[in-house]
Amino acid sequence: MSDPVMAADGHAYERTAIERWLATKSTSPMTGAELENTSLFPHHMLRRQIREWREDGSRLAGRTRLA
């Protein structure tokens, strides 16, 4: 996931995937319930956590190669 967004159902999605979904549907992919709106909002906290996880993984991989 590189561009996480939050939808009206409270779930996080990859922006491109949920935009494709919402192009033809107005329901939540997770619950099937009708969405109150189709607005998407950047999920900054999740993006930061993903970035940190990737950075930690890169550091660990570098250590493993050096060992």
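Guide: Side chains of opposite charge can pair when their charged atoms come close. In this predicted model, Arg-15 and Glu-19 meet in a salt bridge through their side chains, at 3.9 Å from N to O. A salt bridge here is a side-chain nitrogen of Lys or Arg within 4 Å of a carboxyl oxygen of Asp or Glu.

Visitor: Where do Arg-15 and Glu-19 lie?
Guide: Both sit in helix H1, four residues apart, about one turn of the helix. Helices (H or I, at least four residues) and strands (E, at least two) are DSSP runs, numbered from the N terminus.

Visitor: How many salt bridges are there by this rule?
Guide: The count is three. Arg-15 also meets Asp-3, at 2.8 Å from N to O. That pair links distant parts of the chain, with Arg-15 in helix H1 and Asp-3 in the segment before E1, twelve residues apart. Asp-3 forms another with Arg-47, with the closest N and O atoms 2.4 Å apart. Arg-47 is in helix H2 (residues 44–66) and Asp-3 is in the segment before E1, so this pair ties together parts 44 residues apart in sequence.

Visitor: Is Glu-19 buried, exposed or partly exposed?
Guide: Compare the relative accessible area with the cut-offs: buried is under 20%, exposed is over 50%, partly exposed is in between (1.4 Å probe, protein chains only). Glu-19 has 39%, so Glu-19 is partly exposed. Through shared partners, salt bridges join Asp-3, Arg-15, Glu-19 and Arg-47 into one network.

Visitor: In what order do the strands of the sheet run?
Guide: Two strands pair if DSSP finds at least two bridges between them. Here three strands form an open, antiparallel sheet in the order E2-E1-E3. Strands E2 (12–14) and E3 (41–42) are the edges, each pairing on one side only. Strand E1 (residues 4–6) pairs with E3 over two bridges, and Val-5 has Pro-42 as its bridge partner in E3.

Visitor: Which residues make up the largest nonpolar core?
Guide: A nonpolar core is a set of buried Ala, Val, Leu, Ile, Met, Phe, Trp, Tyr and Cys residues joined through side-chain atoms within 4.5 Å. The largest has seven residues: Val-5, Ala-7, Tyr-13, Ile-18, Leu-22, Leu-35 and Leu-40.

Visitor: What should I know about the numbering and the cut-offs on confidence?
Guide: Residues are numbered from 1 along each chain as its sequence is written, and side-chain values use heavy atoms, leaving out hydrogens and water. Local features need pLDDT of at least 70, side-chain atom pairs count only at pLDDT 80 or more, and totals for chains, interfaces and linings use all residues.
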